[in-house]
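Good morning, everyone. Please look at the screen while I walk you through one chain.

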Amino acid sequence: MKRMHTSVLALACACLLALTACGGDSADTAADTAPSAVPPSSAAPSATSAAPDASAPSTASNADVVGDKKLCQSAQAASDEMRGAFVKAVQSGDTSAATMKKILGGLEEKMTELASQGGGDSKVAAALGKFSTEAGRAAAAKDPAAAADNPTFEKAGVDLTAACKAAGVSVTF
């Protein structure tokens, strides 16, 4: 039992260090600041994940399609919110599975919503869909904190970061 608690604490410390490293230069706009470092996730795929298929065309009408830059800025805000909730949980000592599930589930929900707002050919929307799927997998796992430590989740974050950079928004997921 102490070994598991120590593992969660070590993961939390590593995430906080990563978050600290992401805090960067101050900038004039929110799009220029480094966003949260989401703990990488790996868990068995969840059949209950509500993330859209990244290859499926968007159901948003042309009038509702949000530009990639706006999607990246909104994704950064959602990621920052999750990071804040994570830091608050770690500081309060509440790193329970239920808390991590709630944080990662909230991230999945927000990223899924953003992905649905992108155009069918949007690389950012596709990357958001993959990222939200990985967040959902981690949230659905028995141990969300451990499941978040996953190369697949990390790659989804790297891909989303690259898609946003191509759209002109400097962020880190």
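I'll start with the overall fold, then turn to the disulfide, the core and one threonine.

First, some ground rules. This is a predicted model, where local features need pLDDT of at least 70, side-chain atom pairs count only at pLDDT 80 or more, and totals for chains, interfaces and linings use all residues. Residues are numbered from 1 along each chain as its sequence is written, and side-chain values use heavy atoms, with hydrogens and water left out.

Now the fold. The chain has six helices and zero strands. Helices (H or I, at least four residues) and strands (E, at least two) are DSSP runs, numbered from the N terminus. Along the sequence the pattern reads α-α-α-α-α-α. There are 173 residues, and 42% of them count as buried. Buried means under 20% relative accessible area, exposed over 50%, partly exposed in between, with a 1.4 Å probe and protein chains only. Next, contacts, meaning heavy atoms within 4.5 Å. Take those with a separation of 6 or more: 80% come from residues 24 or more positions apart.

On to the disulfide. How many does the structure hold? One. A disulfide here is a pair of cysteine sulfur atoms within 2.5 Å. Cys72 is joined to Cys164, S to S 2.1 Å. Cys72 sits in helix 2 (residues 68-92) and Cys164 in helix 6 (residues 151-166), so the bond ties together parts that are 92 residues apart in sequence. The torsion about the S-S bond is about -95°, so this disulfide is left-handed. Are the two ends buried or exposed? Cys72 is buried, at 0% relative accessible area. Cys164 is buried too, also at 0%.

Cys164 leads us to the core. A nonpolar core is a set of buried Ala, Val, Leu, Ile, Met, Phe, Trp, Tyr and Cys residues joined through side-chain atoms within 4.5 Å. The largest one has 35 residues, and those touching the most other members include Cys164, Leu160 and Phe173. Helix 2, helix 3 (97-117), helix 4 (123-140), helix 5 (144-147) and helix 6 each give two or more residues to this core. Leaving out residues up to four places away in sequence, Cys164 touches Cys72, Val124, Val169, Val171 and Phe173.

Last stop: Thr161, also in helix 6. Thr161 is buried, with a relative accessible area of 18%. What does its side chain reach at 2.9 Å? The backbone nitrogen of Phe173. With the neighbours up to four places away set aside, Thr161 touches Val171, Thr172 and Phe173.

Conventions. A polar contact is a pair of N or O atoms within 3.5 Å; within protein, one must be able to donate a hydrogen and the other to accept it, and residues adjacent in sequence count only if both atoms are side-chain atoms.
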